[in-house]
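I opened the notebook on this entry to record what I looked up, item by item. The sequence and the model come next.

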Amino acid sequence: MAALLGRWERGGWATHDRLAACFGATLAAASFGLLLVSLADRTEDVVFQVIMIGAIVAGYAWCRRRISMAG
């Protein structure tokens, strides 16, 4: 995966492209974590994981807006 991303990046990625790649990887890991904690049948862990996914999405939106404002 690192080699593939390195090859794509040679063409020149903008800041928002890198942010989207990081967000996708983070969201995939958080979603997998949600799957794992949901199998354990512990409601408080599932709620915490959902809150964390919401924070990840909110953080992405905040960073995206700052990048757009910066130009």
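Before going on I noted the terms of reading. This is a predicted model, in which local features need pLDDT of at least 70 and side-chain atom pairs count only at pLDDT 80 or more, while totals for chains, interfaces and linings use all residues. Residues are numbered from 1 along each chain as its sequence is written, and side-chain values use heavy atoms, with hydrogens and water left out.

Overall form. I looked up the box next: along the principal axes, the C-alpha atoms of the protein chain fill roughly 45 × 30 × 5 Å. The protein chain has three helices and zero strands, in the order α-α-α from the N terminus. Helices (H or I, at least four residues) and strands (E, at least two) are DSSP runs, numbered from the N terminus.

Surface and contacts. I read that 8% of the 71 residues count as buried. Here buried means under 20% relative accessible area, exposed means over 50%, and partly exposed lies in between (1.4 Å probe, protein chains only). The protein chain exposes about 5,400 Å², and carbon and sulfur atoms supply 66% of that area. Areas come from the Shrake-Rupley method with a 1.4 Å probe; for residues, only the protein chains shown count as cover. Of the contacts between residues at least 6 apart in sequence, 50% join residues at least 24 apart. A contact means heavy atoms within 4.5 Å.

Is Q49 buried or exposed? I found Q49 in helix α3, residues 43-70, and at 15% relative accessibility Q49 counts as buried. Leaving aside residues up to four places away in sequence, Q49 touches A30, G33, L34 and V37. I then checked A29, which sits in helix α2 and is exposed, with a relative accessible area of 51%. A29 and I53 are 24 residues apart in sequence, and their C-alpha atoms are 9.8 Å apart.

I located R10 in the loop between α1 (2-9) and α2 (15-39). R10 is exposed, with a relative accessible area of 70%. From R10 to C63 I counted 53 residues in sequence and 24 Å in space, C-alpha to C-alpha.

Charges. How many salt bridges does the structure hold? I found two salt bridges, each defined as a side-chain nitrogen of Lys or Arg within 4 Å of a carboxyl oxygen of Asp or Glu. One joins the side chains of E44 and R42 at 2.9 Å, N to O. Another joins R42 and D45 at 3.4 Å, N to O.

For the chain as a whole, the mean positions of the 7 positive and 5 negative charges are 16 Å apart. Lys and Arg count as positive and Asp and Glu as negative, with His and the chain ends not counted. The place of a charge is NZ of Lys, CZ of Arg, CG of Asp or CD of Glu.
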